[in-house]
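Please examine the chain shown below.

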Amino acid sequence: QVQLVESGGGLVQPGGSLRLSCAASERTFSSAVMGWFRQTPGKEREFVGWITWSGGRTYYADSVKGRFTISRDSAKNTVYLQMNNLEPEDTAVYYCAANFGAPGSRHYEYSYWGQGTQVTVSS
């Protein structure tokens, strides 16, 4: 099975930047789509973006487009979420997830999940 371990969360001021990491246990992810989601209390899990492991194609939610960038390092089996120009509304628990089907923006399309890492944007 796929094991995902997230890191990099923390407290940052509005306008600041943060990079989250998601290390995957599997060596090869040629068919995988790696997604990022976030969740705040009382809200549904929200799609952030995804990247295809083989080709590096990316797709982002409108709420983060232009501010967030997803990348991957195949040698390290790691996916990154670079977050710039952070806003208080970005405060959430961020999750990485693996999907071995077609790319999608719904949480139920992803079979494996990390433990989540807290991102707090506050002055």
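## Order of the elements

From the N terminus on, the elements of the chain run β-β-β-β-β-β-β-β-β-β-β. The secondary structure therefore amounts to zero helices and 11 strands. The coordinates come from a predicted model.

Among contacts between residues at least 6 apart in sequence, 56% join residues at least 24 apart.

## Overall form and surface

How does the radius of gyration of the chain agree with that of a compact globule, and what are the two values? A compact globule of 123 residues would have a radius of gyration near 14 Å, and the chain has 13 Å, so the chain agrees with this expectation. Along the principal axes, the C-alpha trace spans about 40 × 30 × 25 Å.

Of the 123 residues, 43% count as buried. The chain exposes about 6300 Å², and carbon and sulfur atoms supply 45% of this area. The side chains include 11 positive and 10 negative ones, and the centres of these two sets lie 6 Å apart.

## The nonpolar core

In soluble globular proteins, nonpolar side chains tend to be buried together. In this chain, the largest nonpolar core has 35 residues. The residues with the most contacts inside this core are Met34, Trp36, Leu81, Met83 and Tyr94. The elements that give two or more residues to the core are strands E3 (18-24), E4 (33-39), E5 (46-52), E7 (68-73), E8 (78-83), E9 (92-99) and E11 (117-121). Strand E9 gives the most, with five residues.

Met83 illustrates how such a residue is surrounded. Leaving aside neighbours within four places in sequence, Met83 is in contact with Gly16, Ser17, Leu18, Leu20, Arg67, Phe68, Tyr94 and Val119. One of these partners, Tyr94, is itself listed among the residues with the most contacts inside the core.

## Two asparagines with positive phi

Asn77 is found in the loop between E7 and E8. Although Asn77 is not a glycine, its phi is positive, at about 50°. Asn85 lies in the loop between E8 and E9. Phi of Asn85 is near 50°, again a positive value in a residue other than glycine.

How values were computed:
Residues numbered from 1 in each chain as written. Predicted model: local features only at pLDDT ≥ 70, side-chain atom pairs only at ≥ 80, totals over all residues. Heavy atoms only, no water. Helix = DSSP H or I, 4+ residues; strand = E, 2+ residues; numbered from the N terminus. Rg over C-alpha atoms; globule rule 2.2 N^0.38 Å. Buried < 20%, exposed > 50% of the residue type's maximum accessible area, 1.4 Å probe, protein only. Contact = heavy atoms within 4.5 Å. Areas by Shrake-Rupley, 256 points an atom, 1.4 Å probe, with all protein chains shown as cover. Lys, Arg positive; Asp, Glu negative; His and termini not counted. Charge placed at Lys NZ, Arg CZ, Asp CG, Glu CD. Core = buried A, V, L, I, M, F, W, Y, C linked by side-chain atoms within 4.5 Å.
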